Amino acid sequence: MSHTLKIGLAGLGTVGISALKRLVSMQTNIAEKAGLAIDVRAISARSRTKDRGIDLSNFHWYDDPVALAKSDDIDVFVELIGGDSGSAEASVRAAIEAGKHVVTANKALIAKHGNALARRAEANGVALNFEAAVAGGIPVIKAVRESMTANSISRIYGIMNGTCNYILTRMEEEGLSFDECLKDAQRLGYAEADPTFDVEGNDTAHKLTILTSLAFGTEIDSESVTIEGITNITSADISAASELGYRVKLLGVAKKTQTGIEQRVHPTMVPKDSSIAQISGVTNAVVIDGDAIGSVTLAGPGAGGDATASAVIADIIDLARGLEVKPLGRPVEALDPFKKSEIYAHKGGYYIRLRVNDLHGVFASIATRMAEQEISLESIVQHKKRSKLKVDAELKGTGKHQDIILITYETTENRIHNAIEAIKQDGHIVDTPQVIRIARI
Ligand code: HSE
């Protein structure tokens, strides 16, 4: 390698342009920190003519990112194209096989192909850095992979999708519906035109699988995540949670259990006084529980051009400094196979909202079905008015529907499933039951 680290950058979207502008405008400062000049030699994107607010004529242009990845004129290939296949995958593979270091922000690619790519990177003696792939500007990859290596990590969880956290925050603070908040998120540019990947939990799942591997030394297994999004969360659930002392957050959780590792993404009720409950709006946060550190919370911007570019450039500077770490924290050969703990074995408290016929005996019958499954109830309340929860064991036969809300003590998902099936068979329920896991953290 010469005294200049030569960069090829593919993908000039929000993150790509921020990274390019920052690498150029901070060139001297970055060189001082890196101990080496960092020079963007070549770029590639879909359109050469689009106005991006920066003169691109100083950079060698490649129509084909794969050709750029293999170019003799670069030392590091920076992939900011996105997606788990197509030119993103092809160019990263090509760069690794051509002996180039790779820096990427691509969570989908690492989640799906991370094991194989890490293996090839090791075989070719190159780095594969992906700090920007999880929680944007928060340096969580470095924290888990490098700064916390002296710990045995028992759990890692977090809010890793700003779109969902923005929606849930506004639903709670303003009593708005999911649809109203989603429209605002799109208008403000937080949510994609097609927000499915975010609101259905897939984006969080990708990030979680990467953290799971780093935290527990296991192969990345993106097929083994239980995923539930936030589209079914109603303002009634959010206000009931609030009155009970909880907030609803979309959490990604990876946890060691006696039967394996739980990897799950779902709306979760968290106590209002927990650190994770304080994270509002588009902010992300990751909590790491380790035997030496106790619990550490990292919070910050999980998306956005400049914040994500900050992580991309830090990865490049690491390479300039000669800091090369195995992509998954240890050789791929040394990773354990991922052993999944099935969601039905999950233990925890549950919030259950049942819309039932307002008839004599329904309340008692529900309590009986819970008792049959040995589920202890912390509370069982009848939600008579939207703004007020009231315990009322004697429903009057008004012929209308009522919401009954149950909070359970710790039990298993299997027992909850069995109890709800029995209640359904009793014919009292008039709508799909709402079940939200409670994290007592
Ligand atoms: N769309 C994501 C979010 C950011 O809303 O947080 C990129 O993963």
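Which strands does helix α12 lie across, and at about what angle does the helix run to β5? I opened the predicted model with that in mind. I found α12 at residues 305–320. The helix lies across β1 (4–10), β2, β4 (76–79), β5 (101–104) and β6. Against β5, α12 runs at about 160°.

**Entry: the open sheet**

I next looked up the strand order. The sheet is open and has six strands. I read the order as β3-β2-β1-β4-β5-β6, and the pairing is parallel. Then I checked the edges. β3 (60–62) and β6 (128–129) stand there. Each has a single partner strand, so one side of each is left without a neighbour in the sheet.

I took the β3 end in detail. Its partner β2 covers residues 37–44. I noted three bridges between β2 and β3, in the parallel sense.

**Entry: the hairpin**

I moved on to β11 and β12. How many residues does the hairpin use to join β11 to β12? I counted three. Strand β11 spans residues 283–290, and strand β12 spans residues 294–301. They pair over eight bridges, in the antiparallel sense.

**Entry: the ligand**

I then listed the shell. K107, N161, G162, T163, D198, D203, K207 and A303 surround the ligand. Sorted by class, I get four charged residues, three polar and one nonpolar.

- T163 places a polar side-chain atom 2.6 Å from an oxygen atom of the ligand.
- N161 has a polar side-chain atom 3.5 Å from a ligand oxygen atom. I flagged this one, since the cut-off for a polar contact is a pair of N or O atoms within 3.5 Å.
- D198 faces a nitrogen atom of the ligand, with a polar side-chain atom at 3.0 Å.

I looked up the cover next. On its own the ligand has 260 Å² of accessible area, and the protein covers 85% of this. Last, I asked which elements give two or more residues to the shell around the ligand. They are α7 (162–174) and α10 (202–216).

Terms used
Residues are numbered from 1 along each chain as its sequence is written. This is a predicted model: local features need pLDDT of at least 70, side-chain atom pairs count only at pLDDT 80 or more; totals for chains, interfaces and linings use all residues. Side-chain values use heavy atoms; hydrogens and water are left out. A residue is near a molecule or strand if one of its heavy atoms lies within 4 Å of it. A polar contact is a pair of N or O atoms within 3.5 Å; within protein, one must be able to donate a hydrogen and the other to accept it, and residues adjacent in sequence count only if both atoms are side-chain atoms. Accessible areas come from the Shrake-Rupley method with a 1.4 Å probe; for residues, only the protein chains shown count as cover. Helices (H or I, at least four residues) and strands (E, at least two) are DSSP runs, numbered from the N terminus. Ala, Val, Leu, Ile, Met, Phe, Trp, Tyr, Cys and Pro count as nonpolar, Asp, Glu, Lys and Arg as charged, and the others, Gly among them, as polar. Two strands pair if DSSP finds at least two bridges between them. Contact means heavy atoms within 4.5 Å. Axes are lines fitted to C-alpha atoms, for helices over the stretch in contact, and angles run from 0 to 180 degrees between N-to-C directions.
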